Amino acid sequence: MGFLEDFQASVETLPAMLHKNYSLMRELDKSLQGVQLENEQRCQQEIEDIKHGLESGSITTYEPAKLKFSDEAIEEQKHCVRIADEKVALATQTYDLVDAHIQQLDQFMRKLEELRLEKEAAAAAAAAAAADAAVAATSAAPAGAGTFRSAAADPAPKTGRTGERSRGGRKKAKVPMELPTEQPPIDLELPVDPNEPTYCFCNQVGYGEMVACDNPDCKIEWFHFGCVGLKEQPRGKWYCLSCSAFQKKRKGR
């Protein structure tokens with residue numbers, strides 16, 4: 001920022017210039033006080049002489065030329081005025097000097113503000129461009145790329161079930177008599193199609209490993225391993241908790 005360097009260079013000379021002007025003003029003030037004191041004494045002496053002349057009769061009221069200050073006193077008074085005028089001119093010069101630097105500082109501050117706004121605008125434009133690029137990249141991604149389950153994990157449709165009732169022809173075995181308790185729903189934040197069918201007690205879409213209930217009238221049909229307490233594919237027939245309770249009730253009749 002070259003303008004800051006220029007301003008710093010100009011400010012560095014300001015204290016010396018102010019000191020010089022203030023020194024001159026002190027000298028003028030001292031000189032003025034000396035001339036004024038001397039002229040006051042002269043005028044006081046001339047007033048005393050006029051009084052004495054009037055009292056002694058050497059001066060009459062009809063001699064106005066003798067009833068005034070001498071030319072020396074008048075000249076001294078004019079000299080005092082000249083010194084005062086010089087002092088005022090020096091004070092005005094000092095004020096203008098400081099005011100010029102203040103205006104220059106204001107100008108540099110405006111430049112700094114403009115530079116700051118330009119940098120902020122450039123940063124905002126870069127951020128907006130990056131966001132647009134990210135949105136464009138997301139829009140260009142293939143459909144379904146956000147899902148995290150494999151095709152093998154997709155359950156078969158609920159309609160038109162076959163006699164096998166197994167996915168991919170796998171075998172199922174009986175589960176132990178101690179039926180697992182119903183697990184709480186697993187909350188997965190998966191980007192899926194809202195029109196995709198849901199399964200299991202958790203009413204979620206198909207994902208991961210799943211098992212099908214062997215009851216042909218099961219209302220849910222497919223279940224996630226974690227929701228029914230399985231860690232591997234069962235062998236033989238397998239019934240969900242609801243259908244297993246229904247089967248026991250039928251056998252007890």
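This report describes selected side-chain contacts, aromatic pairs and surface features in a predicted model.

## Aromatic pairs

A search of the whole structure finds 2 aromatic pairs. One of them joins phenylalanine 201 and phenylalanine 223, whose ring centres are 5.0 Å apart and whose planes make an angle of 50°, an arrangement classed as tilted. This pair links distant parts of the chain, since phenylalanine 201 sits in the loop between strand 1 (198-199) and strand 2 (204-205), while phenylalanine 223 belongs to strand 4, 22 residues apart. Phenylalanine 201 is partly exposed, with a relative accessible area of 21%, whereas phenylalanine 223, at 0% relative accessibility, counts as buried because buried means under 20%.

Phenylalanine 223 also pairs with tryptophan 238: the ring centres lie 5.7 Å apart and the planes meet at 70°, so this pair is edge-to-face, the class for angles over 60 degrees. Here too the pair links distant parts of the chain, with phenylalanine 223 in strand 4 and tryptophan 238 in the loop between helix 4 (225-228) and helix 5 (241-252), 15 residues apart. Both phenylalanine 223 and tryptophan 238 are buried, and Phe201, Phe223 and Trp238 together form one aromatic cluster.

## Aspartate 214 and the backbone of tryptophan 238

Tryptophan 238 takes part in a further contact, through its backbone: the backbone nitrogen of tryptophan 238 lies 2.6 Å from a polar atom of the side chain of aspartate 214. Aspartate 214 is placed in the loop between strand 3 (210-212) and strand 4 (222-224). With a relative accessibility of 11%, aspartate 214 counts as buried, because this value falls under the 20% limit.

## Arginine 82 in helix 3

Arginine 82 is found in helix 3, which covers residues 71-140. With a relative accessible area of 43%, arginine 82 is partly exposed, because this value falls between the limits of 20% and 50%. The C-alpha atom of arginine 82 is separated by 9.2 Å from that of leucine 32, although the two residues are 50 residues apart along the chain.

## A nonpolar surface patch

Ile47, Phe69 and Ile74 make a nonpolar surface patch of about 230 Å². Of these residues, isoleucine 47 has its place in helix 2 (residues 14-56), and its relative accessible area of 33% makes isoleucine 47 partly exposed.

Terms used: Residues are numbered from 1 along each chain as its sequence is written. This is a predicted model: local features need pLDDT of at least 70, side-chain atom pairs count only at pLDDT 80 or more; totals for chains, interfaces and linings use all residues. Side-chain values use heavy atoms; hydrogens and water are left out. Helices (H or I, at least four residues) and strands (E, at least two) are DSSP runs, numbered from the N terminus. Buried means under 20% relative accessible area, exposed over 50%, partly exposed in between (1.4 Å probe, protein chains only). A polar contact is a pair of N or O atoms within 3.5 Å; within protein, one must be able to donate a hydrogen and the other to accept it, and residues adjacent in sequence count only if both atoms are side-chain atoms. Rings of Phe, Tyr and Trp (its six-membered ring) pair if their centres lie within 6.5 Å; planes under 30 degrees apart count as stacked, over 60 as edge-to-face and the rest as tilted. Patches are made of residues with over 30% relative accessible area and no salt bridge: like charges are joined within 9 Å, nonpolar side chains (Val, Leu, Ile, Met, Phe, Trp, Tyr) within 5 Å. Accessible areas come from the Shrake-Rupley method with a 1.4 Å probe; for residues, only the protein chains shown count as cover. A salt bridge is a side-chain nitrogen of Lys or Arg within 4 Å of a carboxyl oxygen of Asp or Glu.
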